[in-house]
Amino acid sequence: MELKFFDTISELDQYAAQLFATTLANKPHAALGLATGSTPVGIYGKIIEMYQRGEISFRDATTFNLDEYVGLPPEHDQSYAYYMKQHLFAHIDLPGKQAHLPKGTAPDLAAECKEYDRMLEEQPVDIQLLGLGHNGHIGFNEPNGELQGGTHIVELKEETREANARFFGSLDEVPKQAVTMGVGSILKARTVLLVVKGADKAEIVKRALTGPITTECPASLLQTHANVIVLLDKEAGRLL
Ligand code: F6R
């Protein structure tokens, strides 16, 4: 596991964007695993700047997002499909059919999960971007007595709904379920890029990276992966 500490968020975001650029320069057909939430917004901003300068192209790339809320159509302004369009896809040359997110409104969600896993098998992720939840979740894999390997439907923890309520009008509007890649799928990525920002994540990132490997802290399973890069700002990294 490689840990990198940054004095500024801007330097961290630029470093992460450069990792994606390098991945695509070495392998234009790479599969990129993407995340949503606050953490990647600045990284996507830097990627767009690089694209505008002609330093990166997504023409031949494929992307797989980690997760999506159940019941929110792509047009809903809090769906992750909408987020991706707003923060990245509308600004780069990635062909729409090469961008994948689980469909939270699929009539048969179990079949949707299977199909997502089939696509991931067919095109394994080269680099998977991850944020970190305050309870140690990655994707929407919440702390639990047991975890599922593949893509599945998950009941969101109250603390996760509360943390995400800031994006919705009220807590009631936050969906209770999501579709997420499983920890097994995440661990299959060739490289995992975990990005952690802010003082409020210092405790959990320490627990995830140096504590016991346990399903009660899903991010701790990253300790078993051979190629994890962790980017931290000063505040998030202060206990490491
Ligand atoms: C988002 C995702 C989540 C977030 C995590 C941190 O696709 O899978 O695991 O990465 O909840 O969220 P932020 O970045 O908003 O603190």
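The protein chain has seven helices and ten strands. Keep in mind that this is a predicted model.

**Overall build**

Let's start with the whole chain. For 240 residues, a compact globule would have a radius of gyration near 18 Å, and the protein chain agrees with that at 17 Å. Its C-alpha trace spans about 45 × 45 × 35 Å along the principal axes. Buried residues account for 43% of the 240 residues. As for contacts between residues at least 6 apart in sequence, 79% of them join residues at least 24 apart.

**A three-strand sheet**

Now to one of the sheets. It is open, with three strands in the order β4-β8-β7 and antiparallel pairing. Which strands stand at the edges? β4 (67-69) and β7 (152-155) do, each with a single partner strand, so one side of each has no neighbour in the sheet. Neighbouring strands here are turned by 30 degrees against each other on average, if you ignore direction. In general, the strands of a sheet pair through backbone hydrogen bonds, and they can do this in parallel or antiparallel fashion.

Zooming in on one pair, β4 and β8 run antiparallel and are joined over three bridges. Within that pairing, Glu68 sits opposite Val179 in β8.

Here are the strands with their residue ranges:

| β4 | 67-69 |
| β7 | 152-155 |
| β8 | 177-180 |

**Around the ligand**

How many residues surround the ligand? There are 14, and the closest are Thr36, Gly37, Ser38, Thr39 and Gly131. Sorted by class, the shell holds five nonpolar, eight polar and one charged residues.

**A closer look at Thr36**

Thr36, one of those closest residues, belongs to the loop between β2 (31-34) and α2 (41-52). Is Thr36 buried or exposed? Thr36 counts as buried, because it has 25 C-beta neighbours inside 10 Å, and 20 or more are enough for that label.

What does Thr36 touch? Leaving out residues up to four places away in sequence, Thr36 touches Asn65, Tyr80, Tyr83 and Met84. The C-alpha atoms of Thr36 and Val179 are separated by 13 Å, with the two residues 143 residues apart along the chain.

Definitions and conventions:
Residues are numbered from 1 along each chain as its sequence is written. This is a predicted model: local features need pLDDT of at least 70, side-chain atom pairs count only at pLDDT 80 or more; totals for chains, interfaces and linings use all residues. A residue is near a molecule or strand if its C-beta atom, placed from the backbone, lies within 6 Å of it. Ala, Val, Leu, Ile, Met, Phe, Trp, Tyr, Cys and Pro count as nonpolar, Asp, Glu, Lys and Arg as charged, and the others, Gly among them, as polar. Two strands pair if DSSP finds at least two bridges between them. Helices (H or I, at least four residues) and strands (E, at least two) are DSSP runs, numbered from the N terminus. Axes are lines fitted to C-alpha atoms, for helices over the stretch in contact, and angles run from 0 to 180 degrees between N-to-C directions. The radius of gyration is taken over C-alpha atoms; the globule rule is 2.2 Å times the number of residues to the power 0.38. A residue is buried if 20 or more other C-beta atoms lie within 10 Å of its own, exposed if 12 or fewer, and partly exposed in between; C-beta atoms are placed from the backbone. Two residues are in contact if their C-beta atoms, placed from the backbone, lie within 7 Å.
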